[in-house]
Amino acid sequence: VDYCMINRDLAGTGATFVFTDADTKLEGFTISHCEGSLDGGGAIFMLGADSTVANCALIDNQAYAFGGGIRCWAASPLIYNVEFTGNLTGLNSDGYGSGLSCRESTVMVVNCTFTRNEKGSGDYEHYGAAIYNELSSCTVLNSTFYRNTANSAGGSIYCDLDSDLTVTNSILWRNLPDEIVGGVETTVVT
């Protein structure tokens, strides 16, 4: 299916799409106002999948803790030309990666925009408003991060627990409280 809009899906895990297959491709979708569970993935949840998400918009989605837009766990996705706008995590809990949350994954993010991804309700910790990277390798190319806000650390990107991060030819601007933070093993910003 190409070029479709999904609005207001409330599901148990990975609100709209759950990928567990190696060759899954999602292209041309606008997914908005969806809600995921504690497992995360307000719009998309990838578990052990080598999927591609391309030419999509993930707008105003939310998850209780992980990945308001996309949650990757033991996955190797290509995320290409995707707009992440206004996604939330931390709905009455700590929040990790309002746009994209990665755990034990190898992720490639190309030509994406992350704008106004934030902490949800409640007085809890929030890390990585745009991207949260845990025990993962994340490569970001030609992407823009603007006005993402975490209340703890990593307005653009927060790396935790032996994560690798490479950011190339990207714009990081006015993200709060800082741009890139975390206990990374390797961080390269060019």
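Here are a few notes on this predicted model.

1. Ground rules: residues count from 1 along each chain as its sequence is written, and side-chain values use heavy atoms, with hydrogens and water left out. As this is a prediction, local features need pLDDT of at least 70 and side-chain atom pairs count only at pLDDT 80 or more, while totals for chains, interfaces and linings use all residues.

2. The fold has 24 strands and zero helices (DSSP runs numbered from the N terminus: E of at least two residues for strands, H or I of at least four for helices). Of its 190 residues, 51% are buried (under 20% relative accessible area; exposed is over 50%, partly exposed in between, with a 1.4 Å probe and protein chains only).

3. Take contacts (heavy atoms within 4.5 Å) between residues at least 6 apart in sequence: 78% of them join residues at least 24 apart.

4. Have a look at two loop residues with positive phi. N142, near 50°, sits between strand 20 (137-141) and strand 21 (144-146), and is partly exposed at 38% relative accessible area. R174, near 60°, belongs to the loop between strand 23 and strand 24 and is partly exposed too, at 44%.

5. For context, most peptide bonds are trans, and most residues other than glycine have a negative phi.

6. L78, in strand 10 (residues 78-80), is partly exposed, with a relative accessible area of 33%.
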